[in-house]
Amino acid sequence: MHEPRSFRIFRVVVVVVLGLFTLVPLYVMVTSSIKPLGDVQGDFTWWPSHPTLSPFIDMWSTVPLARYFVNSLIVSVVSTAFSVLIAIFAAYAVSRYRFFGRRIFTGTVLATQMFPGILFLLPLFLIFVNIDKTLGFTLLYQTRFGLIVTYLTFSLPFSIWMLASYLEGIPRELDEAARVDGCRTLGTLFRVVLPAARPGVIAVAVYAFMTAWGEILFASQMTNDATKTLSIGLQNYSTQINVYWNQIMAASLVVSVPVVVAFLLLQKYLVAGLTSGSVK
Amino acid sequence: MLVGIWMSFIALTQFFIANWSQAPFVGLDNYKIAVNFSGSIGQALLHSFTVSILYTVIVVGLAWVFGMSAAAVLQNGFRGRGGLRTLFLVPYSLPIYAGVITWSFMLQRDNGLVNHVLVSNLHILGSSPFWLIGNNAFFSMAIVALWRSWPFAFLMIMAGMQSIPDEVYQAASVDGASIWQQLRHITLGMLRPVNVVLILMLFLWTFNDFNTPFVLFGATPPPSADLISIHIYDNSFINWNFGLGAAMSVLLLLFLLVVTGTYLLITNRRSRRA
């Protein structure tokens, strides 16, 4: 297609402006993570006076980062596992069977996306505190288990919806062929439908993991020193006497890299999953 | 959620946390306090509401413009297109707190990049301003939120553009339409259904945004950046008045329902007429 000069100029402007806007914070994060402490306390410098890897070592001792890391990992992995498992069954039911309340179900799922988290935080807080009081020991409030339950409640609806729209795209003839070959419902699901739906399942898993890994609002009230996750734990670097910006940047980098890499590697599936429902 | 609505009717304060069923029933008193705009609590709520609206309009508007421009220029292949696409998606895939913490470092008064560039490199400003307190906090917060949310607009618009058949553009080219005319008349028109959903999602996320101010400023942001979610949070967990916080949440929910309902009604009717 012929592109006039004005469009080319427009393209250069857009690419440069948005590219810089996106890139500069990432650049700051990476370069600051290899700066000695003196560099991040004085005037800003574009390049470390002498690059050092010590922030990556010191960050583990300034705050109990390893503990936060383990907490985040447990909470994210377990809630992802349950999210995927439950979503598989639920999505299969929604996409293959017609039952009463099916439309209401999908409507409700979309509605939960709309409500602010703060609306759920207060009741959940009270419910957790009171269940614990009735039980006589802390099962939910400020425990990892409570956090897992919480994250499940809001990653599950969207996971089901995403996976269901993926399963819709898998031809029903496949199910029927499996049935003719003697598979029962569960056999059909696990041996035939799921292998075909692998990209969808991966997308759901990454989505659920990212949700749990980056959640802040609930983690800020529903955790204590022992169960704190990374999203809240990283703020502890700035409550010390010194603000260890170089270590904060190093820690941010370490917690981001796995998620970003996973997202970028799987972006094809994820983008399809995220947009399928809304573009249709 | 029903518990939340019930909570809004009782005077649940720090005295009753342990046995909340005994908190006195006060009917609509919490609501009366919340919407009494001459009282200090009502006034603060109204202020927070205004800030949220302003914030939402700026962030959603710019996010859409950025996303649309980027999707438009990346539509036709050129070298480095795939790399740029990936780069643009990084802020969206970053854990929220990691991205926002980096911004808060950049916005520090004495050792941040922003003041370094503005004051020392470009000499636009004579003295270093504070970006994270006072009125500047609002703009800082909006820029950070924009950085995070425009890639999502980009993603959705790009996916929408791919579903527009090439034949339409070819036909338009044959008829002598310039690329600008094609963008205006074909792309924008065909993207309408995507935009309707996109704007709604961006609106809901931005209006309810809690993460950006919380990571940038901590639990008590400066008044200029007091978004509604964090305002409710403060009333509940800092002032320990859960009943009032719940009443505000219910009001927020009603507002969102009305706005979303009206929006969907208007956009549906228009698309039916078209």
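## Helical chains and aromatic pairs

From its N terminus, chain B runs α-α-α-α-α-α-α-α-α-α-α-α-α. The model is a predicted one. In total, the secondary structure of chain B amounts to 13 helices and 0 strands. Chain A has 14 helices and 0 strands, and along its sequence the pattern reads α-α-α-α-α-α-α-α-α-α-α-α-α-α.

### The two chains

| Chain | Residues | Buried | Accessible surface | Carbon and sulfur part of surface |
|---|---|---|---|---|
| Chain A | 280 residues | 52% of residues | about 12800 Å² | 69% of surface |
| Chain B | 274 residues | 54% of residues | about 12000 Å² | 65% of surface |

Contacts along the sequence can be described for each chain in turn. In chain A, among contacts with a separation of 6 or more, 72% are between residues 24 or more positions apart. For chain B, 66% of the contacts between residues at least 6 apart in sequence join residues at least 24 apart.

### Aromatic pairs

A pair of aromatic rings is described by the distance of the centres and the angle of the planes. Over all chains, a search of the whole structure finds 27 aromatic pairs. One of them is formed by A:F7 and A:F10, a tilted pair with 6.2 Å centre to centre and 45° between the planes.

Where do A:F7 and A:F10 lie in chain A? Both belong to helix α1 (residues 5–32) of chain A, and they are 3 residues apart, so about one helical turn separates them. A:F7 is buried, with a relative accessible area of 1%. A:F10 is partly exposed, its relative accessible area being 25%.

In chain B, B:W103 and B:W147 form an edge-to-face pair, with 6.0 Å centre to centre and 70° between the planes. This pair links distant parts of the chain: B:W103 is in helix α5 (residues 96–106) of chain B, B:W147 is in helix α7 (residues 136–162) of chain B, and the two are 44 residues apart. Are B:W103 and B:W147 buried or exposed? Both B:W103 and B:W147 are buried.

### An aromatic cluster

Which residues form one aromatic cluster with B:W103 and B:W147? The other members are A:F21 from chain A, together with B:F66, B:F88, B:W150 and B:F154 from chain B. The cluster therefore includes the edge-to-face pair of B:W103 and B:W147, whose ring centres, at 6.0 Å, lie within the 6.5 Å limit for pairing.

Notes:
Residues are numbered from 1 along each chain as its sequence is written. Chains are lettered from A and ligands numbered from 1 in the order in which they are written. This is a predicted model: local features need pLDDT of at least 70, side-chain atom pairs count only at pLDDT 80 or more; totals for chains, interfaces and linings use all residues. Side-chain values use heavy atoms; hydrogens and water are left out. Rings of Phe, Tyr and Trp (its six-membered ring) pair if their centres lie within 6.5 Å; planes under 30 degrees apart count as stacked, over 60 as edge-to-face and the rest as tilted. Helices (H or I, at least four residues) and strands (E, at least two) are DSSP runs, numbered from the N terminus. Buried means under 20% relative accessible area, exposed over 50%, partly exposed in between (1.4 Å probe, protein chains only). Contact means heavy atoms within 4.5 Å. Accessible areas come from the Shrake-Rupley method with a 1.4 Å probe; for residues, only the protein chains shown count as cover.
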